[in-house]
Amino acid sequence: MSALMLFCRPGFEKECMAEITELAGSKEAYGWASIEMNSGFVVFECEQAHSLYSHCDNLVFSRDVWPISSRLSDLDPQDRISPIIASVDQLMKEKGVKSFGDVSTEHAEGDDYRATAKFAGKFVHPVRQALRKLGWLSKKEDPSKPMLRLFFKDSTQVLVGADKPRLRAKWPMGIARLRFPAAAPSRSTLKLEEAFGFFLGDDWREQLSHCRTGVDLGASPGGWTWQLVNQGLYTYAIDNGPMNKQLMDSGLVEHVAADGFTWKPPLMVDWLVCDMIEKPGRVAQLMYEWLHNRQAKYAIFNLKLPMKKRFQEWQDIKAQLDIAKTGQYPKAVMKAKHLYHDREEITVFLDLGNQNG
Ligand SMILES: C[S@@+](CC[C@H](N)C(=O)[O-])C[C@H]1O[C@@H](n2cnc3c(N)ncnc32)[C@H](O)[C@@H]1O
């Protein structure tokens, strides 16, 4: 049986499974998964896994996905490489792959998997060597070619597959490794940095350099505001809580102690960002209204999901936003993701295409 390998935040396996099951159903493909809570992965068994894979680029709760071609168990500690190479050989013939642009050795998350993670980290070297010897791995990393993916359940079991460049996550296993900027007032800053990179692409800083103004609703102490200010945007920071002093000294922040649901800017701003801890449906509605009323051009916001029915909650909000934008804004762009730095929340990008009149 073929299958899909999906990575998610540990604790979100149910949401990840619900979403892929729904997607499969919409493509008349059916499958099942037995999940291990807090492992950070889901194996979705499905006959049509390979065709379903090409529809997986908009999944919200999966950080990374690839199709499983074979599964090996009882690997001999004296020679794990030979059976892996035999599987890779078969995969290359089946998929018409001539060589890989890179190889990634992967593992589950959490304390139970710490030893496997260490093993997988080291094992990438002998795999690389073996592939190079056979001429199956490009000399330099080549992101335009398929990447060989090896997921180790432990040091004796491995799932083997190859991804497609178009469908590859920005970071392997969706783990965004960003350095915390020392001057930023809170770790939350990484959420917005990851969101900009994820939704706008690698040149997000260049894109923001053409923008002049921003609003941050629920801004205290200023991690998100810092990202906007760092790109030179004059930012209205709305929060009853205090803002970081150093950030205020930049001269680019106007702190307004007000309710984010009622405060409005004097003129349309380029960016609206919002990290208020509030009912997600209420936040989504507010974001839509700002863009609809031409108070902001683009929005990035977090939706804090309730403990239960997290997938359903997002489905309801998505339907609500879809209805609102369909018809009036045919070119609207809405993307959502459970980012690596998100916790009990997802991040949404919204552009109604309403900025020019
Ligand atoms: C998660 S914190 C924001 C952290 C911030 N993004 C950062 O990077 O430092 C949420 C903030 O939302 C603010 N907040 C909640 N409801 C609000 C409302 N109705 N109006 C304005 N701020 C609100 C809280 O005071 C709190 O400071």
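Author: What follows covers pockets, a cavity, the ligand and some backbone details.

Reader: Ground rules before we start?

Author: This is a predicted model, in which local features need pLDDT of at least 70, side-chain atom pairs count only at pLDDT 80 or more, and totals for chains, interfaces and linings use all residues. Residues are numbered from 1 along each chain as its sequence is written, and side-chain values use heavy atoms, with hydrogens and water left out.

Reader: What volume does the largest pocket have?

Author: About 620 Å³. Of its 25 lining residues, Asp 57, Asn 58, Leu 59, Lys 335 and Ala 336 are the closest to the centre. A pocket here is an open set of points on a 1 Å grid over the protein atoms alone, with protein on both sides within 12 Å along at least five of seven lines; a lining residue has an atom within 4 Å of a point. Points are joined across faces, edges and corners, and the volume is the space filled by probe spheres set on them.

Reader: Which elements give two or more residues to the lining of that largest pocket?

Author: α1 (13-26), α5 (189-200), α10 (310-325) and β13 (333-337). The most come from α10, with 6 residues. Helices (H or I, at least four residues) and strands (E, at least two) are DSSP runs, numbered from the N terminus.

Reader: And which domains does the lining of the largest pocket draw on?

Author: Domain 1 (3-174) and domain 2 (189-351) each supply at least three residues. Those bounds come from an automatic or database domain assignment. By class, the lining of the largest pocket has 9 nonpolar, 6 polar and 10 charged residues. Nonpolar means Ala, Val, Leu, Ile, Met, Phe, Trp, Tyr, Cys and Pro; charged means Asp, Glu, Lys and Arg; the others, Gly among them, are polar.

Reader: What about the second largest pocket, how big in volume?

Author: About 400 Å³. It has 20 lining residues, and the closest to its centre are His 107, Pro 172, Met 173, Ile 175 and Arg 177. β5 (102-107) and α4 (114-133) are the elements that give two or more residues to this lining, and β5 gives the most, with 6. The classes in the second largest pocket come to 10 nonpolar, 5 polar and 5 charged.

Reader: Where does the largest cavity lie?

Author: Domain 1 and domain 2 both give residues to its lining, so it lies between them. Among the lining residues are Arg 63, Trp 171, Glu 194, Phe 198 and Tyr 340.

Reader: Switching to the ligand. Which residues are closest?

Author: Ser 186, Asp 239, Asp 259, Gly 260 and Asp 275 are the closest of 18 surrounding residues, counted when a heavy atom lies within 4 Å. That shell divides into 8 nonpolar, 7 polar and 3 charged.

Reader: Is the peptide bond from Ser 220 to Pro 221 cis or trans?

Author: Cis, with omega near 0°. Pro 221 is in the loop between β8 (213-217) and α7 (223-230).

Reader: Which loop holds Glu 28?

Author: The loop between α1 and β2 (31-32). Glu 28 has a positive phi of about 55° although it is not a glycine.

Terms used
On a 1 Å grid over the protein atoms alone, a cavity is a set of points where a 1.4 Å probe fits but cannot get out, and a pocket is an open set with protein on both sides within 12 Å along at least five of seven lines; lining residues have an atom within 4 Å of a point.
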